[in-house]
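This briefing sets out selected features of the structure shown below, grouped by topic. It is intended to be read alongside the coordinates.

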Amino acid sequence: MEQARSSWVIYLSLACALLFMLLPFPLEWRVLRPDIATLTLFYWVLALPHRVGVTTAFFLGLGQDLIEGSPIGLSSLGLMVSVLVLQSNYQRIRQFDGVQQSLMILVLLMLSSGLEQWLRNGIEMPNLPWMGFMGLLCSAGCWLVVREILRFFRRYYEVN
Amino acid sequence: MLLAALCLSSLFFFRDHPHVVAVQQSAIDTVAVATGVILAPVEAWERMAAAMNSRSELQDEVLRLQQENRVLKGQSQRLAALLSENARYKALLRSAQLIDDELIAAQITAVSPDPSRHIVVIDKGLLDGVREGQAMLGEEGLMGQVILSGDRNSRAVLITDSVHALPVQVNRSGLRAIAEGSGLIDQLLIRHLAAKSDIRVGDLLVTSGLGGRFPNGYPVARVTEVVISEGEAFALVTAEPISALDRGRHVLVLQRTVGSEAES
């Protein structure tokens, strides 16, 4: 395996995406906040599946939980499973056009947040409201934008 | 596989483990610093706007505040007399201890990004005397309670959070009940109240002090609807929190100090 180059770009982009969670949103509209951190993770898994994988997903999930103040490990499991699915299908998904890819991302987001809901039930935390699905749609809608931005940075810094 | 096991075990077995809680506590402060950095441009803009406020506006405000202060002082005179009277009665009744409430002023700095919870971050922590379980008050009434404190910041849950419930009583009749959060920012629910109970629309709910978490007598909510359906054993009561939970940034944290024996 060749030497990893500029891998700091990956981690910096993930950290910035986490910071996006801190931007103030009105209380009732938080549901619609696009999940930029997860999208960033998906992008890097799709682009560099040999660099970014389940371990990164685990730590990103930890970061999300610490920021949200939810019990540690709540977001990680869903992210890990959806990254696993993404990793085993990345070659096919790369060939998709924009709309197809967004739909695929929507499915993956539903998978990860579905697992999170299941865990929430298990530890008796309140579930997401039904509007949460709109949030997933918003996230999937942001996929193309996130992809273009991150692709620019990946090419600019020649990350591999 | 190992990481998944780690996730599940931390969720189901070690959720309240001291080490896990310690990590969460330090995360509160780190996250608060990061939020501060992100919000710095907004703050700077607000400060500039405040500096641009005209002199006459400021004078008006000073005048208004002075008047308000005079009124409040007048009211507190009466309160002091009542308090000492109350203390004498309590001493007569040999009730063991008087409780002094000390207030810590704090500001809400952030709202948790988790859309299913009503959790806010305030800018006072362990170093300022804010501890887990202390009540958080708004200008008009009870807002919530502190659930986790870092050194300089704390996380507090609002009374409308859907897993929060607090013991209240109807101010008019003394009827006790449990007010549960509904997950909506302007609604509390009282579920298990007998259909024949003496509760009406417009009643003020105050904390009852049962359970020992919240001190008694702080206004919580006003009843907006009482639904009694035929054949149901319980009435469904909804109430609206008195303090505007989603507006304003300034809050007070109640630090309870159990006072000495009542002076006679």
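This is a predicted model: local features need pLDDT of at least 70, side-chain atom pairs count only at pLDDT 80 or more; totals for chains, interfaces and linings use all residues.

At what angle do the axes of helix H2 (residues 36-47) of chain A and H4(A) cross, and within what distance do they come? The axes cross at roughly 45° and come within 9 Å.

**Helix packing in chain A**

- Angles from 65 to 115 degrees count as roughly perpendicular and those under 35 degrees as roughly parallel; H2(A) and H4(A) are therefore oblique to each other.
- The crossing of these two helices, H2(A) and H4(A), has a right-handed sense.
- From H2(A), the residues A:Thr38, A:Leu41, A:Phe42, A:Val45 and A:Leu46 take part in the contact.
- Their partners in H4(A) are A:Leu79, A:Val83, A:Leu86, A:Gln87, A:Tyr90, A:Ile93 and A:Arg94.
- By class, the contact of H2(A) with H4(A) comprises nine nonpolar residues, two polar residues and one charged residue.

**Contact between chains A and B**

- Chain A contributes 33 residues to the contact, and chain B contributes 30 residues.
- On the side of chain A that touches chain B, the elements giving two or more residues are helix H3 (54-68) and helix H4 (76-95) of chain A.
- H3(A) gives the most to this side, with six residues.
- The side of chain A that touches chain B divides into 22 nonpolar, seven polar and four charged residues.

**Surroundings of A:Ser7**

- A:Ser7 is located in the segment before helix H1 (8-20) of chain A.
- A:Ser7 has 16 C-beta neighbours inside 10 Å and therefore counts as partly exposed.
- Leaving aside residues up to four places away in sequence, A:Ser7 touches A:Arg51 and A:Val159.
- A:Glu158 is 151 residues from A:Ser7 in sequence, yet the two are 9.5 Å apart in space, C-alpha to C-alpha.

**Chain B overall**

- Chain B has three helices and twelve strands.
- Along the principal axes, the C-alpha atoms of chain B occupy a box of roughly 60 × 60 × 45 Å.
- Of the 264 residues in chain B, 28% are buried.
- Among contacts in chain B with a separation of 6 or more, 59% join residues 24 or more positions apart.

**The barrel of chain B**

- Six strands of chain B form a closed barrel in the order S6-S7-S8-S11-S10-S9, with antiparallel pairing.
- Neighbouring strands of this sheet are turned against each other by 40° on average, direction ignored.
- Strand S6 (residues 165-170) and strand S7 (residues 176-181) of chain B are antiparallel and pair over five bridges, with B:Leu166 opposite B:Ala179 in S7(B).
- The hairpin of S6(B) and S7(B) has five residues between the strands, and B:Gly174 in the turn has a positive phi of about 80°.
- S7(B) is joined by two bridges to the antiparallel strand S8 (residues 188-194) of chain B, where B:Gly181 stands opposite B:Leu188 in S8(B).
- Six residues lie between the strands in the hairpin of S7(B) and S8(B), in which B:Gly183 takes a positive phi near 90°.
- Strand S10 (residues 219-227) and strand S11 (residues 234-241) of chain B run antiparallel and are joined by six bridges; B:Val226 stands opposite B:Val237 in S11(B).

Terms used
Residues are numbered from 1 along each chain as its sequence is written. Chains are lettered from A and ligands numbered from 1 in the order in which they are written. Two residues are in contact if their C-beta atoms, placed from the backbone, lie within 7 Å. Helices (H or I, at least four residues) and strands (E, at least two) are DSSP runs, numbered from the N terminus. Ala, Val, Leu, Ile, Met, Phe, Trp, Tyr, Cys and Pro count as nonpolar, Asp, Glu, Lys and Arg as charged, and the others, Gly among them, as polar. A residue is buried if 20 or more other C-beta atoms lie within 10 Å of its own, exposed if 12 or fewer, and partly exposed in between; C-beta atoms are placed from the backbone. Two strands pair if DSSP finds at least two bridges between them. Axes are lines fitted to C-alpha atoms, for helices over the stretch in contact, and angles run from 0 to 180 degrees between N-to-C directions. Angles under 35 degrees count as roughly parallel, over 145 as roughly antiparallel, 65 to 115 as roughly perpendicular and the rest as oblique. A crossing is left-handed if the near helix is turned anticlockwise from the far one by less than a right angle, and right-handed if clockwise.
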